[in-house]
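Let's take a slow walk through a protein model together.

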Amino acid sequence: MQYQTQNIAKTYWLGALLIFAVQVSFGLVGGLIYIAPNLLPVEYFPFNMVRMIHTNALIVWLLLGFFGAAYYLIPEESEREIWSPKLAYVQFAIFFLGGLSAVVGYLFHIYADNARSYLEQPVWIKLGIIVAALIFLLNISMTVLQGRKTAITNVLLLGLWGIAIFFLFSLYNPANTSEDKMFWWYVVHLWVEGTWELVMASVLAFLMLKITGVDREVIEKWLYIIIATALFSGILGTGHHYYWIGAPGYWQWIGSIFSSLEVVPFFGMMIFCFAMVWKGRRDHPNKAAMIWSLGCSVLAFFGAGVWGFLHTLHGINFYTHGTQVTAAHGHLAFYGAYVCLNLAIMTYAFPYLFNRAPYNQVLNIASFWITSAGVVFMTVSLTFAGALGTHLERVQGMSYMDAQDQIGLFYLLRFGGGVVTVLGALLFISSLLLMPRTKTVVTGAIPAAAE
Amino acid sequence: MNAATTQTADAPAEWGPLSALPGHPLMWVLIASELAVFGLALLGYAGARAQNPLAFALEQDSLNRLAGVANTALLLTSGYFAARANQAAHAGDATRTRLWLAAASALGLGFLVVKGFEYAGEFAAGHDIDSSPFFTLYFLVTGFHALHVVLGLIILGIVGRLATKTAVETGTAFWHMVDLIWLVVFPVFYLMR
């Protein structure tokens with residue numbers, strides 16, 4: 001670790017890992033309710049609440065992970081300490097307590113009356129999130145402005161500012177259901193298919209720079225091309241959420257055409273990561289971080305890119321809208337693009353933060369394969385459930401619950417995949433936290449980035 | 001914060017295969033993306049038309065072909081002027097570069113005026129973006145193209161101010177793309193039957 005304030009990332013990432021464990025556990029509970037609805041007492045575990053905790057906890061820990069990544073990589077990129085470490089901890093306290101109390105509140109049925117998926121937090125928690133975001137943006141912007149400006153920090157800042165700005169639309173709740181949905185996607189779509197992609201591209205660029213030792217100039221060019229294609233396709237790609245919700249029909253064409261191209265930046269990121277690793281001269285000792293980075297780019301390409309394209313054309317979406325195909329895509333996309341990204345940067349940074357040589361590599365690499373296998377299995381099961389459900393319900397005209405009965409087997413398989421995923425996640429968390437007692441300190445200087 | 005402008009384009013080797021192209025390499029990323037978008041839109045048009053050939057042929061007949069031909073001539077000539085501006089920029093003659101760019105822009109403006117009259121006529125006849133599958137695609141594709149003409153005029157204005165070789169190459173590359181797309185859009189929507 002070159003800068004003292006990089007330590008801030010530790011707090012954020014430990015908080016993130018805790019909520020990660022909560023998130024996957026509630027996923028498992030949700031999967032169980034699918035196959036045995038009456039096993040758990042419904043008054044304590046209603047499905048809507050379990051689902052809400054599963055998705056909200058996901059967003060909270062991914063954001064905590066992004067904040068941690070920013071606090072870790074910005075000092076190295078800007079070549080200076082974080083502007084105000086104290087504010088960074090204040091921000092953590094507000095955000096973490098806000099996130100946690102939202103989740104605990106859901107257990108007691110406290111959430112916004114006008115609840116929208118992912119945005120069920122009561123208004124006062126939303127305002128807390130905004131205050132935390134403002135503190136964060138002030139802190140990192142001041143650091144970047146006073147230090148060295150690189151393409152990586154520029155893109156990261158652009159992404160993080162975008163995240164905060166689009167979150168403001170969560171405060172606007174039109175009474176008209178169609179309008180409500182349209183603005184809801186301003187947050188959800190423009191996050192995961194816009195600004196989050198900028199964060200993803202810049203963090204991957206940082207990891208490639210450090211792990212492979214390829215010249216910064218080369219990495220920056222890739223970064224520009226990736227973010228250009230991400231913004232070009234992602235912004236108007238929002239249209240693929242406007243089918244059949246009351247928006248004008250021309251959105252079917254805009255959505256289909258632009259969102260077809262959303263696969264391009266993900267393809268670019270995958271080619272970028274592999275090209276850099278092949279080209280790289282450096283033999284970095286942290287193989288686990290490299291595997292998570294490569295895995296991130298591949299699974300994001302399949303989950304966000306290919307599985308997204310499967311049902312993005314309006315002619316196809318007419319049948320698949322709101323079926324398990326969406327759930328299949330959602331799981332692999334979030335896992336590949338954003339979960340793996342966070343786990344990659346944590347795997348890379350933890351040894352530096354604790355001033356050790358890379359440790360528990362075998363355990364960590366095993367957790368990559370186990371978790372990824374679990375998520376891929378869930379995705380494939382849900383894809384079958386979605387395709388079959390679509391045919392029975394939307395083509396043959398079977399009623400919703402009868403169709404659900406027919407696809408029950410796939411929910412059972414999905415639960416199996418979920419168990420494996422949770423085991424993998426716990427293995428990952430222990431591989432980071434259970435450090436070997438014999439401490440091998442990093443010998444020699446930390447390899448400097450190739451500039 | 002603008003990534004493209006904080007970076008100088010004078011280190012060509014790092015852009016790989018894009019380095020050999022004239023102008024800023026990121027312009028070619030944009031051009032490729034635009035061609036993909038219009039390509040997909042025309043593919044969508046072909047699919048929609050195949051499902052309902054009679055209605056499409058009937059509504060296509062109501063378009064103003066003469067205006068389409070006039071606009072094709074305007075854009076092609078404008079493209080020629082842009083190419084002359086590029087030559088002048090290579091010769092280092094900033095004044096002539098700006099004059100040719102102004103001429104190219106004037107014809108681009110002419111295109112928009114003609115298109116405006118065309119749209120007015122179509123609205124008056126009761127067509128709009130929601131009135132039928134054909135007109136949805138017609139207004140989307142030609143409207144999106146017209147927006148690119150507007151953007152192109154802004155870009156030509158900016159590169160005219162700079163009048164450097166790289167800037168003019170970059171700007172005119174975009175303008176030629178707008179021109180090229182019209183050359184495909186025009187026959188598909190107005191002529192092919």
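How many residues does the contact take from chain B and from chain A? It takes 19 residues from chain B and 21 residues from chain A, where two residues are in contact if their C-beta atoms, placed from the backbone, lie within 7 Å. Before going on, some housekeeping: this is a predicted model, in which local features need pLDDT of at least 70 and side-chain atom pairs count only at pLDDT 80 or more, while totals for chains, interfaces and linings use all residues. Residues are numbered from 1 along each chain as its sequence is written, and chains are lettered from A and ligands numbered from 1 in the order in which they are written.

Now look at chain B's side of that contact. The elements giving two or more residues to it are helix 2 (25-51) and helix 6 (133-162) of chain B. (Helices, H or I with at least four residues, and strands, E with at least two, are DSSP runs numbered from the N terminus.) Helix 2 of chain B provides the largest share, nine residues. Sorted by class, the side of chain B that touches chain A has 14 nonpolar, three polar and two charged residues. Here Ala, Val, Leu, Ile, Met, Phe, Trp, Tyr, Cys and Pro count as nonpolar, Asp, Glu, Lys and Arg as charged, and the others, Gly among them, as polar.

Stay with chain B for a moment. It has seven helices and zero strands, and its C-alpha trace spans about 55 × 35 × 30 Å along its principal axes. Of its 193 residues, 33% are buried. A residue is buried if 20 or more other C-beta atoms lie within 10 Å of its own, exposed if 12 or fewer, and partly exposed in between, with C-beta atoms placed from the backbone. Among the contacts in chain B with a separation of 6 or more, 72% join residues 24 or more positions apart.

Is B:Trp28 buried or exposed? It counts as buried, because it has 20 C-beta neighbours inside 10 Å. Setting aside neighbours within four places in sequence, B:Trp28 is in contact with B:Leu18 and B:Leu21. B:Trp28 and B:Thr170 are 142 residues apart in sequence, yet their C-alpha atoms are 8.7 Å apart in space.

Over to chain A, starting with helix 8 (residues 250-260), where 10 of the 11 residues are buried. Among the buried ones are A:Trp251, A:Trp253 and A:Phe258. The cover comes from both chains: it includes helix 7 (216-237), helix 10 and helix 11 (314-320) of chain A, together with helix 2 and helix 6 of chain B.

Next come helix pairs. Two packed helices are described by the angle between their axes and the distance between the axes. Helix 9 (residues 263-279) and helix 10 (residues 287-310) of chain A pack at about 160°, with axes 8 Å apart. (Axes are lines fitted to C-alpha atoms, for helices over the stretch in contact, and angles run from 0 to 180 degrees between N-to-C directions.) That makes helix 9 of chain A roughly antiparallel to helix 10 of chain A. Angles under 35 degrees count as roughly parallel, over 145 as roughly antiparallel, 65 to 115 as roughly perpendicular and the rest as oblique. By class, their contact has 16 nonpolar, three polar and no charged residues.

Compare helix 1 (residues 8-35) and helix 12 (residues 324-353) of chain A, whose axes come within 11 Å and cross at roughly 135°. Helix 1 and helix 12 of chain A are therefore oblique to each other. The residues that meet there include A:Trp13 from helix 1 and A:Met346 from helix 12 of chain A.

Which residues touch the most other members of the largest nonpolar core? Out of 179 residues, they are A:Ala201, A:Leu204 and A:Leu223. (Such a core is a set of buried Ala, Val, Leu, Ile, Met, Phe, Trp, Tyr and Cys residues joined through C-beta atoms within 7 Å.) Helix 6 (residues 177-212) of chain A gives the most to this core, 20 residues. The contacts of A:Leu204 include A:Met269, A:Ser297 and A:Leu341.

Phi of A:Asn355 is near 55°, a positive value in a residue other than glycine. A:Asn360 lies in the loop between helix 12 and helix 13 of chain A too, and its phi, near 45°, is also positive. A:Asn355 counts as exposed, with 11 C-beta neighbours inside 10 Å, whereas A:Asn360 is buried, with 22 other C-beta atoms within 10 Å.
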